[in-house]
Amino acid sequence: MAKYVVAIDQGTTSTRCMIFDHSGGVVGVDQKEHQQIYPKPGWVEHDAVEIWIRTQEVISGALSKTGVNVNDIAAVGITNQRETAVVWDRKTGRPVYNAIVWQDTRTDAICNELAAQGGQDRFREKVGLPLATYFSGPKIKWILDNVEGVRARAEAGEVIFGNIDTWLIWNLTGGSQGGVHVTDVTNASRTMLMNLETLDWDDEILSIMGIPKAMLPAIKSSSEVYGNASGALGGIPVSGDLGDQQAALFGQTCFDVGEAKNTYGTGCFMLLNTGTKAVQSKNGLLTTLGYKIGDHAPIYALEGSIAITGALVQWLRDNLKLIEKSSDVEILAKEVEDNGGIYFVPAFSGLFAPYWRSDARGVIVGMTRYVTRGHIARAALEATAFQTREVLDAMNKDSGVNLTALKVDGGMVFNDLLMQFQSDILGVPVVRPKVAETTSLGAAYAAGLAVGFWSKVDDLRANWGKDKEWTPQMDAAKREELYAGWLKAVTRTFDWVS
C-alpha cells in the first residue's frame, strides 16, 4: 500500500519537490533556484534545460533527505508557473529558444496589432482573456516569427510547444524517447488559444495568430494518468497537472461556488470558484479554468492577477541591496509606524488586473525628505495589500457575492505585518492554513485522486486546518483614505511607455 504522493512545483524563481502523506502533511521538501535572464528591458527568460536539471535535482534531494522508498509513492503531480512558453525540438529535446516568462512584455507589438482589428477583448468571449503580453499564445507567435527556421519546422511537426507543465511531463515520461506531449485544461486556458466551452484549441484563433495546431499538446483533465515517470521516480504514474494558481485553489479546498483564495508569491493571484459556469468579467478579471477532475464537469474561476508582489521584495534585496534576505523586509518596515505618505506602485511589467495596461511602469510617489528606507520597505509591502483590494473589489462586482474571509497561502503569508495590513485594508478576516504551500498540495491532491490514493474530493476538506487568522483593526475612514491615495498613485503609472 503506497503511503505518499510527490508534487513538483516549478515556480518563477525556483523548483521544489514536496512529499505528502495521506493527511496532507509535509513529509519532506527540497528546493533550488534557477537563473533569471533579462536580455533587454521588459524581457524575462528562463533556461528550460536548467529548469529540467533543477527538477531532477530536487526530486533526488527530497527522496534522499526523507529516505522515502520509491515503491511507497502512489503518484506524482505537477504544478507550474503558467504562461511561460517553451518551444523545443521533438527529436533532440533541445529548446529552440529560452523559455519566455509570463512577466515578459516583448509581445506588446503583437498584442497591439491583434487588438487593432477588434480591440483588447477581441477573443475574450471565447477564451476569457484580454489581449495581453501575459499569455502564452503571443509568445509562441513571437518565437515562430523571430527565430530562424522555426516556423517551417513547426509546420512540419518537428518542434512542439508547451507551458512549463508540458515541458516537465514530456521530460519526466521519457523526453525524446517517447515522452508524453500533454497539458491540462487549466494551463491550456492561459494560452489564449483554448475555447472555454469546447476545452479544445480554437482553430480560428490559431489561424489568426499563425500557430500550427501540430505543435500544441493534447488537452487533458487536471487529474488522470498521463504516463509513467522515468529516472528517479521510474514507473510512478504522472497523474496530476494544474497551473500554480489553480493548484492553490484546489489545495485550499475551495470546492464550493464563492470560495476564494489569494496566493502571495512572485506575483499575487486571487481565484474565486464560479462552479460549472464560465462567468465573463466586466471588471478586468480573467475567466479561467479552475480544475477538471477526470471525467467530471470542469469547474471555472474568476481570477485577479497581479504581476509584482514578492518580486518587489526580491528587487529591494537584489537591485537596491536594501535588505540581505527577503524576510528582513518586515523588520525594516516595522521601524516606522506608517508609509510616511509614500506609495510604491510596482508596475515593472505593466499593470495586470484590473487595468491591463502594458504602457504602465513602476513609480514611488509622495517622496519628501522625511522618508526613510523603512518607509520604502513598508510601502513595498502595502503595495501587495492594495493591489489585492483592487482585485477583490472587482470580484465582488463580477460575482455579486461579497467575500466574508480570504484564505491565503504562499511565501509572503508568514509576514505578520503584511497579513494584518491586508486584513485592515480589505475589512475582512485573513486566514492562513496549516499547510501554507497549498500550490504543491493541490498538485499532490490531483495526482492522488487519479490513482485512488484519495477516493473523492470531499475527503480532502478534512485535511484543511486553520493555522492563524488576522482580523481588521483599522477604522473604516482610515481604510478608505489610504486606499484613495493608492488609487491616485496608480494613475501616475499610466502612459509611461509610448
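Predicted model: local features only at pLDDT ≥ 70, side-chain atom pairs only at ≥ 80, totals over all residues.

Me: Where does methionine 192 lie?

Reply: Methionine 192 is in the loop between helix H7 (185-188) and helix H8 (203-209).

Me: And what's its phi?

Reply: Methionine 192 has a positive phi of about 75 degrees, and it is not a glycine. Most residues other than glycine have a negative phi.

Me: Is tryptophan 356 buried or exposed?

Reply: Buried: the relative accessible area of tryptophan 356 is 8%, and the cut-off for buried is under 20%.

Me: Switching to peptide bonds: which residues does a cis one join?

Reply: Alanine 353 and proline 354, with omega at about -5 degrees. Proline 354 is in the loop between strand S17 (343-345) and strand S18 (363-365).

Me: OK, helices now. How do H1 and H6 cross?

Reply: The axes of H1 (residues 48-66) and H6 (residues 164-172) come within 11 Å and cross at roughly 60 degrees, so the two helices are oblique to each other. The crossing is right-handed.

Me: Which residues make the contact?

Reply: From H1, Ala48, Val49, Ile51, Trp52, Thr55 and Ile59; from H6, Ile164, Trp167, Leu168, Asn171 and Leu172.

Me: What classes are those?

Reply: The contact of H1 with H6 has 9 nonpolar and 2 polar residues, with no charged ones.

Key: Residues numbered from 1 in each chain as written. Heavy atoms only, no water. Axes fitted to C-alpha atoms, helices over the stretch in contact; angles between N-to-C directions. Helix = DSSP H or I, 4+ residues; strand = E, 2+ residues; numbered from the N terminus. Parallel < 35°, antiparallel > 145°, perpendicular 65-115°, else oblique. Left-handed = near helix turned anticlockwise from the far one by under 90°. Contact = heavy atoms within 4.5 Å. Nonpolar A, V, L, I, M, F, W, Y, C, P; charged D, E, K, R; others polar. Buried < 20%, exposed > 50% of the residue type's maximum accessible area, 1.4 Å probe, protein only.
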